Amino acid sequence: MTDTAISLDRAVEITRTGDIWLFRGHSAADRVIRVTTNSPVNHVGMSVVIDDLPALIWHAELGRSLPDMWTGATHRGAQLHNLRDAVLVWAHRYGQQAWLRQLDPPATREMEDSALRTIARLDGTPFPSTAALAGRWLRSRMRFPRRASQRRRPRQMENAYCAEVVAATYQAMELLPRRRRPGWYDPGRFWSGDRLRLSETYELSGEIAIRTPEHPNS
């Protein structure tokens, strides 16, 4: 991780659709996720910034502490949250450090439309158990032959964890190839140390650490 740091308000101001948010915590659950997926971070989300709407984050989590901006309800699993509120929850309630990686060049309008279609398809998809997460991560790394029709058609997920949701969205935006299942990706694949290869001329910046304001009750 780099030493570059900016305030949360500045990050919300500059982020655009397709930017990646990484989180690392110190709880037992956080460590289990990192060990299970062999990853230096335990959570990943993607910015969604459309026209003059507030910046949002698209991710999947076990909690339901914030209203889902797509449905207006609170639920677990794949969710679209107000970005600033979500980062504060992850910092104050879950004790997580956040980093931002920016997509360069910025996503096109067509990519944003593809992201919104993916959100409409996957929003509310349940978050799997830790055992299911580990099993899917291992199976996705085994080489199984797939028919061409399977590679072209998006799979309707019965449940999905955070990196799988982001990977599926990146594939819909044509930023990642479809030859790998979304379950092949873990949060660490989106960390700069893994050197994730995006399509064509796109790339992600190095990590920018986010300084969050102190909790008002601290």
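Reply: A residue is called buried when its relative accessible area is under 20%, exposed when it is over 50%, and partly exposed in between, using a 1.4 Å probe and protein chains only. The model is a predicted one, in which local features need pLDDT of at least 70 and side-chain atom pairs count only at pLDDT 80 or more, while totals for chains, interfaces and linings use all residues. Residues are numbered from 1 along each chain as its sequence is written, and side-chain values rest on heavy atoms, with hydrogens and water left out.

The charged contacts come first. Side chains of opposite charge can pair when their charged atoms come close. Here a salt bridge requires a side-chain nitrogen of Lys or Arg within 4 Å of a carboxyl oxygen of Asp or Glu, and five are counted. In one of them, Arg 109 meets Asp 51 at 2.9 Å, N to O. This pair links distant parts of the chain, 58 residues apart: Arg 109 belongs to helix H4 (residues 109–122), and Asp 51 to the loop between strand E3 (43–48) and strand E4 (56–61). Helices (H or I, at least four residues) and strands (E, at least two) are DSSP runs numbered from the N terminus. Arg 109 counts as partly exposed because its relative accessibility is 43%, whereas Asp 51, at 58%, counts as exposed.

Another salt bridge joins Arg 84 and Asp 9 at 2.7 Å, N to O. It too links distant parts of the chain, with Arg 84 in helix H3 (residues 83–92) and Asp 9 in helix H1 (residues 8–14), 75 residues apart. Both partners are partly exposed, Arg 84 at 29% and Asp 9 at 47%.

Arg 189 and Asp 194 also form a salt bridge, their closest N and O atoms being 3.3 Å apart. Arg 189 is buried at 18%, while Asp 194 is partly exposed at 31%. Elsewhere, salt bridges with shared partners connect Asp 51, Arg 109 and Glu 112 in one network.

The aromatic contacts follow. Rings of Phe, Tyr and Trp (its six-membered ring) pair if their centres lie within 6.5 Å; planes under 30 degrees apart are stacked, over 60 edge-to-face, and the rest tilted. Trp 90 and Tyr 94 are edge-to-face because their planes stand at 85°, with centres 4.9 Å apart. Trp 90 is buried at 8%, and Tyr 94 is partly exposed at 27%. Tyr 185 and Phe 190 form a tilted pair, with centres 6.1 Å apart and planes at 40°. Tyr 185 is buried at 2%, as is Phe 190 at 0%.
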